[in-house]
Amino acid sequence: MPVGEVAARPGGGVGGMVLGGGAAAAAAVGGDDAVVMQLAAAEGEETAITVNCPDQAGLGCDLCRTILEFGLRITRGADVSTDGHWCFVVFWVVPRSSSIKIRWASLKNRLMSMCPSSYFIPFYHDISQPGPPKFYLLKLLLPDRKGLLHDVTHILSELELLIHRVKVSTTPDGRVVDLFFITDGMELLHTKERQEETCSTLIATLGHSISCEVLPAEGFQQGFSSLPPKIAEELFRVELADSEICSSSLSAELKRVQTATINFDNSLSPAHTLVQIICADQKGFIYDILRTMKDCNIQIFYGRFRSDKKGSVNKGCREVDLFVKQVDGKKVIDSEKQEALRSRLRSEMLHSLRVMIVSRGPDTELLVANPVELSGKGRPRVFYDATLALKALGICIFSAEIGRQAASERQWEVYRFLLDDSREFPLATSPTNRNRVVDRVRKTLMGYYN
């Protein structure tokens with residue numbers, strides 16, 4: 001059995017098994033059961049992930065990002081509590097799709113590795129940068145077909161291999177050369193066994209006609225995108241205009257989610273500001289809030305993220321209560337600071353994912369962009385979801401690139417897909433089909449289809 005997997009029951013569940021911290025947890029954080037998973041007893045039921053360890057800046061954001069990387073969806077919500085030194089966090093999760101195989105033991109180990117090793121950690125110190133990750137080049141040569149890029153991405157995701165850059169090109173004889181620059185979440189790709197597991201899994205799934213090779217990518221640097229100025233200006237606009245939010249290119253469902261209510265209350269607690277948020281439920285909603293608070297140096301001392309209850313007037317919405325302080329330990333009282341935080345939260349929750357279709361000479365290009373955290377981390381599974389949406393529409397990807405671009409005083413991760421224009425689904429001459437692509441990709445990114 002590959003490293004990190006947990007044997008499943010025939011029905012797909014794991015019989016309510018508990019994965020606890022045990023001796024390794026005790027050694028790592030000075031206490032038992034730093035990460036405990038109460039695994040679902042049956043398919044479709046929730047798994048409860050509990051993290052109980054010393055706190056540090058942005059820990060909740062990092063935990064949430066990793067959970068999303070593993071293909072999980074946070075269901076009824078999350079509870080967060082900290083005194084500034086020790087935190088207690090609970091997430092309720094389910095796999096986003098029955099096709100996703102979750103390596104629960106590996107996820108537990110990844111979450112454990114994020115837990116600080118000492119009680120005495122200054123809260124919200126300057127975020128230290130981890131050591132540079134080791135990059136590898138995965139080279140694939142295989143016959144082309146619709147949905148191929150997503151199928152490869154799906155396999156790499158299940159193997160916990162994170163894609164940082166990809167170059168896809170199609171040869172005249174109908175074969176595809178895929179170059180993936182990747183890192184290994186398990187940090188084992190330097191070993192012959194891990195490399196063999198990667199290639200053997202790809203070959204077993206995609207067929208024996210493929211060529212697979214894993215090489216060190218010495219000197220790798222994150223690529224930088226260079227979009228034409230007019231396209232970049234539209235894609236990275238700080239705030240989307242009301243006319244665009246209500247444009248015909250957005251479906252009725254997407255128009256509904258383009259609103260959020262954010263209120264501040266300083267009367268309920270003598271030490272904390274209460275931030276209350278109501279927003280339509282969508283994929284990455286909790287992550288967007290936690291990363292915004294992390295990047296804005298706002299400390300969350302207690303938080304509850306709830307899905308709507310049966311009969312609630314806020315049907316399809318999430319309700320959030322956060323008791324917070326500024327980095328200096330003071331409440332958020334100044335009205336200008338409140339408005340700045342409100343504007344940032346609204347922008348990050350509603351417009352963090354940008355999707356456009358543009359003409360690139362005679363060809364059609366799909367652009368997807370998302371902001372990068374101050375820590376340098378990108379949003380999880382964007383490439384996975386974009387390729388999934390294109391596969392569902394039956395659109396072939398002629399080439400794909402991932403890069404970064406500075407705009408609006410921040411770094412953005414930019415995904416560029418050059419799309420094949422077919423007679424069955426013309427793009428160059430059909431605004432309707434182009435809007436269908438934007439709508440499908442955006443919905444998939446927001447979790448409507450997975």
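A nonpolar core is defined here as a set of buried Ala, Val, Leu, Ile, Met, Phe, Trp, Tyr and Cys residues joined through side-chain atoms within 4.5 Å, with buried meaning under 20% relative accessible area for a 1.4 Å probe and protein chains only. The structure is a predicted model, in which local features need pLDDT of at least 70 and side-chain atom pairs count only at pLDDT 80 or more, while totals for chains, interfaces and linings use all residues. Residues are numbered from 1 along each chain as its sequence is written, and side-chain values use heavy atoms, with hydrogens and water left out.

The mean pLDDT, the predictor's confidence in each residue on a scale from 0 to 100, is 84 for the protein, and 82% of the residues reach 70 or more. Residues 1-15 have a pLDDT below 50, yet this stretch has 32 contacts in the model beyond near neighbours in sequence, a contact being heavy atoms within 4.5 Å. Over residues 21-31 the pLDDT likewise stays under 50, and the model has 25 contacts for them beyond four places in sequence.

Of the 450 residues in the protein, 54% are buried. The largest nonpolar core has 54 residues, and I49, F91, I277, I289, F305, L322 and M349 have the most contacts inside it. Leaving aside neighbours within four places in sequence, I289 contacts I277, F305, V320, L322, L345 and M349. A second, separate core comprises 47 residues, among them V152, L202, L206 and V437.

Twelve helices and 17 strands are present; these are DSSP runs numbered from the N terminus, with helices (H or I) of at least four residues and strands (E) of at least two. Strands β7 (residues 161-170) and β8 (residues 175-184) pair in the antiparallel sense over nine bridges, where pairing requires that DSSP finds at least two bridges between the strands. L162 has T183 in β8 as its bridge partner. The two strands form a hairpin with four residues between them, and G174 in the turn has a positive phi of about 85°.

Four cavities of 30 Å³ or more are found, a cavity being a set of points on a 1 Å grid over the protein atoms alone where a 1.4 Å probe fits but cannot get out.

Methods:
Buried < 20%, exposed > 50% of the residue type's maximum accessible area, 1.4 Å probe, protein only. 1 Å grid on protein atoms, 1.4 Å probe; cavity = no way out; pocket = protein on both sides within 12 Å on 5 of 7 lines; lining within 4 Å. Points joined across faces, edges and corners; volume = space filled by probe spheres on them.
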